[in-house]
Each structure stands twice: as C-alpha cells, then as structure tokens.
Amino acid sequence: MRKSTLSILLAASLTLGATTTSAAPLTPVANAGNLQSDQAFDNKIVKRIKVENIYNHIAELSKQPRVAGTQGEYEAVEYIKRQFESYGYETELQPFDIYSYTAPSLNELKVDGNNLTSSSFTYGVNGEVTSELVYVGLGAPSDFEGKDISGKIALIQRGSYSFAEKIINAKKAGASAVIIYNNTGGVINGTLGKSDDYIPAVAITQEQGLALKERLGQGETITATLKVEGAKTNKATSHNVVATKKATQKSTGQLVLVGAHHDSVAGAPGANDDASGTATVLELARIFANAPTDTDLRFVTFGAEENGLLGSYEFVERMTQEDYDRTVGMFQMDMVGSKDAGELIMYSNDGEKNIVTDLAAAAGARLAESGEALPYGLGGRSDHVPFQEIGLPAALFIHAPVEPWYHTPEDTLDKISKEKLEEVSTIVGAAVYQVARPDTPALENAKVAPKEVDYVFEERELE
Ligand code: BES
Ligand code: ZN
C-alpha cells in the first residue's frame, strides 16, 4: 500500500536531510512512491553489484591502450561483446569510419623565387602549383565573380567562412591552389575536416598576406609556387557495442540508455578514462539481464570518443525516430573510478537538471549514508553531448576535479578505487531501476523531468 502524500513528503525531507532554497515544497521524484519500498527495490540491484567484477573488467581492458581504429580497440570491443553475450544479451557492433591525418613532410611557398614560411591544414591535400596570385577577399562564392581565377592561386583572408568552405569555393571557381592569410596575429593551425574535395592550400601570417594583397592592389603580377608533399589521410574503423534488453513484462515501450566510451588516448592504458565507465556498464548489464523490467534497456560502449565523440554521434545518427521518441534518458559514465579524483558529480551539457540528473540525485540521496543528493553542473566533453544536442535528457557521471593522471601513461589499474566504483554503480543502477522496474508507472512524458529532489548546482573545477 502507498503512503499518503504527506508521509512521502516527510520521508523525503528526512531522507534527503536538505533545506530547500526555493519556496516550493520539497518533493521526491515523481512516482517515487513509498521511499522505504524504493529502498527495498534499490537493494535488489545494489546488493547484486559485485565491485570485484568491475575491477576485473578494468584490469582486462587496461592491459593496453585502446586507441580508436587500432587492434587495441578491436580487442576491447570483442571482449565487451563477449561479456554482453555471456549475460544473454543480443549484441550488435556498429562499425564506422574514422580518419586520422599525417602532416605533410614538405610544405613550401615561394613568391618571386623567395621562400615564405607557411603552415599546412589538417586534412589538406598534396600538390605542386606554380601560378599567378589573385586576391579574392574572404573567399565567398560572390568574391570569385568576374575574376579570372582559372588555374590560378587564390589569396584569401581568414574569417566569416570555414577554411574548408573557402578552399571548396576556390576549387569550384576553377582555382588550382589557395593561400589563406590570418586576420589576427600568429600562425594559423587550421583543420579542414575530412573530405576529398580540396585543392592544395597553405596558410601564412596576416603580415605576409596583407603585403601580397597590397602589391596586387597596385596592379603587380605575382607568381607563386606552392608545394605540399607527404600529407596522408588514413582511414580506420571504430565500433560501438550495443546490448539490448527488452522489457520482461507489461512493457511501457520506453527505453533507457546506459553508456561509456571504451576507447583511450594513445599511450594511455585508460584504466579510469574510460575502462572504469565501460566496466561499470558491463556489471550493470549483468545484473539487469535477470531483473524484471517494464522498460527496454540499451547498454552501449562507444568508440572514438577521444576523436571528438564520434561513436556517440554515430549512435544518435543511427537512432530511429521511434527509438528517439521512446527514449527516457541516457546515463553516461566517464572516469568514475579514480582514487585521486574528487567527488561524484553529474554534468549536463546545458547546465540544466533533467530526468537523468533527477533520478540519480534521488537515488544518491536514498543510498548515501549522509542522505545527501548528488550535485550537478554544466559540462560537455563526453558522450552525453550528442544525445542532449538532439533533445534527449542525458548526463555525465564523473569525479571532479579529475586526477592528475588524466590522459597520461599513468592512468593505470593501481589508481582505481573500489569505493568510488561502488558508489557510482549503485547510484546509476538504482536510478535506472527506478524507471525500469515494473511497479513504477511509465514516466508520462519522457522529455519532461519529474518533480525534483533538492540538489544543487555546483561550479566545480575540473582540472
Ligand atoms: N573523459 C574525458 C572527459 C573529461 C575530462 C571531462 C576531464 C571532464 C574533465 C574525455 O574522454 C575527453 O578527454 N574528452 C575530450 C573531448 C572530446 C570532444 C575529444 C576532452 O575533454 O578533451
Ligand atoms: Zn573519457
């Protein structure tokens, strides 16, 4: 039987032990029901979590770096897939192309036979061109109109359009190469983004560019030679690993996502970043495999997070409209086990609370001895970002400030704390079960957070 609303409120404020700052009464998460029974349900999940399993997965995964697209990543992907399958999950690999770039061995610009120092663009192409310079302003399509640019070198000022757009516009207008000069002090270290559509391009300083522009403006003909050699774009394949559990009874049709990234940076064993999150996803998957649920669950480990969240962008790209509409929220765990990091916090990409932070704050309050809810803050930099960008509630679980070993070869197993792993796995596990267990009704509108527990915004230093 359910308690009266009043006793729920009382129990909530007692359990949370918090003082509200707003005038609104302190209320528990919608459908939290009887807190005591919530705690009994929490225990069903929490008591089954074996931190030793999480630790052992980290030990296995952190034996070598797991750079996206390398054998190290692939071995991790196979390990993760095998684990999911051993728990009985239908497991899918999502392969996707990733690109890396080898900078040119030679990047040369000669004007009237004199060498000018120049820099190259990441994903720029090789080539050698000797031709006349033509000044084309910012390099917008209209800047090329009425100019005889065919086969010539376009001199373009930085600004308003991306480097790639300027180069593609020049190519379309018939130019054979491009020089982009800075619109501020210093050297340009530009990137174009992977494409096959470029012509050779180099960058020079503002001073160099303005001097050339001035001479052209006075009607001089300037001939330049531009040479880019040895640049290489390398293609590789990264993978997401996706394990799906269908509701076991009375399905609400809703879907909850739990994620982490399995790749690491080069040279780093990535025990904490992010074997810790990956290992926690595995252990939660193991437990939920046999739990009664009325909600579909998807456990995902992303590839190529360190290359710019590429795996999670790929995942949202592949989501169907139907899956999007039924997704309640996404829990991302990244760097959740370091001895040397600060306390657990939840970051959302917009700095706002959402259903994921609400559920975990409430779970944290129920599980913590202090009864204190988790704080939240504003932060991107992990795989929750693409989900929030398409309008889904998501949050990153991380310890902040992060440890000094972040992205170093010292990010090793011996720095992992079982207590930290225990805290995050129980909180996320209990929060997910709050939605997924069959006795709680479906959250009516997955896009709108339920009533909030009292938890606070914190602006905490990350590094
Ligand atoms: N685990 C980090 C994210 C992180 C680090 C968040 C420190 C907060 C504090 C993640 O793997 C990472 O390194 N992300 C990149 C960004 C990404 C878009 C390439 C980063 O933060 O540089
Ligand atoms: Zn990370």
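**Cores, a helix crossing and a glycine loop**

Hi everyone, let's start inside: the largest nonpolar core has 65 residues, and Phe84, Phe288, Phe299, Phe331, Met333 and Phe397 touch the most other members. By core I mean buried Ala, Val, Leu, Ile, Met, Phe, Trp, Tyr and Cys residues joined through side-chain atoms within 4.5 Å, with buried meaning under 20% relative accessible area (1.4 Å probe, protein chains only).

A quick word on the model: it is predicted, local features need pLDDT of at least 70, side-chain atom pairs count only at pLDDT 80 or more, and totals for chains, interfaces and linings use all residues. Residues are numbered from 1 along each chain as its sequence is written, and side-chain values use heavy atoms, leaving out hydrogens and water.

Back to Phe299: leaving aside residues up to four places away in sequence, its contacts (heavy atoms within 4.5 Å) include Phe84, Tyr89, Val241 and Phe288. There is also a second, separate core of 24 residues, with Phe144, Ile167, Ala175 and Ala231 among them.

Now, which residues of α3 meet α12? They are Val51, Glu52, Ile54, Tyr55 and Ile58, and they meet Lys418, Leu421, Glu422 and Ser425. Helix α3 (residues 51-61) packs on α12 (residues 418-436) at about 115°, axes 9 Å apart. The two are therefore roughly perpendicular, a word covering 65 to 115 degrees.

Last stop, Gly380, in the loop between β14 (376-378) and α11 (384-389). Gly380 and Asn349 are 31 residues apart in sequence, yet 4.8 Å apart in space, C-alpha to C-alpha.

Terms used: Chains are lettered from A and ligands numbered from 1 in the order in which they are written. Axes are lines fitted to C-alpha atoms, for helices over the stretch in contact, and angles run from 0 to 180 degrees between N-to-C directions. Helices (H or I, at least four residues) and strands (E, at least two) are DSSP runs, numbered from the N terminus. Angles under 35 degrees count as roughly parallel, over 145 as roughly antiparallel, 65 to 115 as roughly perpendicular and the rest as oblique. Buried means under 20% relative accessible area, exposed over 50%, partly exposed in between (1.4 Å probe, protein chains only).
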